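Please view the sequence and the model together while reading the points below.

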Amino acid sequence: MSDTPHRRFADRGSGNPTFVGAGTTLIGNLECGADLIVAGRVQGEGVVRGALTLSAGGRWEGLVCAANAVIAGEVEGSVRVENKLEIRHTARIRGSVNAAIIAIAQGAVLDGDVAVTSAAPVVHFEEKRFQDGETG
């Protein structure tokens with residue numbers, strides 16, 4: 001394991017995530033004891049005890065609860081996060097979001113209610129990705 005500090009929330013995670021791959025549709029309720037990465041489609045309610053990553057091509061329909069989450073895909077339903085929720089610029093959310101800390105990238109679409117469960121303000125940011133050879 002590296003001692004290099006991680007700059008982004010998405011750089012952290014457990015060593016054994018569960019995947020719902022692109023081209024896969026999972027219908028039903030899901031309970032995940034660790035991290036979950038969704039690049040496909042989930043229809044149903046979910047409880048993720050670790051971090052949820054919904055990739056840019058991923059879609060979730062229904063309620064999802066997680067310890068932490070990064071949303072880059074589409075959600076039609078509610079997202080409830082115990083700690084930090086990062087909404088990427090490719091995200092499209094139709095429903096409510098609820099988290100202790102919320103960061104929303106410019107370009108994200110959020111059509112619904114936003115509730116912060118701590119005293120922290122909602123952070124708005126511009127996503128920056130570096131090409132090979134560039135530094136940040």
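Two strands are said to pair if DSSP finds at least two bridges between them. Strands here are DSSP runs of E of at least two residues, numbered from the N terminus. The model is predicted, so local features need pLDDT of at least 70 and side-chain atom pairs count only at pLDDT 80 or more, while totals for chains, interfaces and linings use all residues. Residues are numbered from 1 along each chain as its sequence is written, and side-chain values use heavy atoms, with hydrogens and water left out.

**Strand pairing**

- Strand S5 (residues 41–43) runs parallel to strand S7 (residues 59–61), and 3 bridges join the two; Arg41 has Arg59 in S7 as its bridge partner.
- S5 and S7 belong to an open sheet of 6 strands with parallel pairing, in the order S2-S5-S7-S9-S11-S13.
- At the edges of this sheet are strand S2 (25–27) and strand S13 (109–111), each of which pairs on one side only.
- From one strand to the next, the twist averages 5 degrees (axes are lines fitted to C-alpha atoms, and angles run from 0 to 180 degrees between N-to-C directions).
- Strand S10 (residues 79–87) is joined in parallel to strand S8 (residues 64–71) by 6 bridges, and to strand S12 (residues 97–105) by 7 bridges.
- Ile87 in S10 stands opposite Ile71 and also opposite Ile104 in S12.

**Nonpolar core**

- A nonpolar core is a set of buried Ala, Val, Leu, Ile, Met, Phe, Trp, Tyr and Cys residues joined through side-chain atoms within 4.5 Å; buried means under 20% relative accessible area, and exposed over 50% (1.4 Å probe, protein chains only).
- The largest such core has 25 residues, and Trp60 and Ile71 are among those with the most contacts inside it.
- S3, S4, strand S6 (46–54), S8, S10 and S12 each give two or more residues to this core.

**Two loop residues**

- Asp35, in the loop between strand S3 (30–32) and strand S4 (36–38), counts as buried because its relative accessibility is 12%.
- A polar atom of the Asp35 side chain lies 2.7 Å from the backbone nitrogen of Ala51.
- Ala22 is found in the loop between strand S1 (18–20) and S2, and is exposed because its relative accessible area is 65%.
- Although 17 residues separate Ala22 from Ala39 along the chain, their C-alpha atoms are 4.7 Å apart.

Key
Helix = DSSP H or I, 4+ residues; strand = E, 2+ residues; numbered from the N terminus. Polar contact = N/O pair within 3.5 Å; in protein donor to acceptor, adjacent residues only side chain to side chain.
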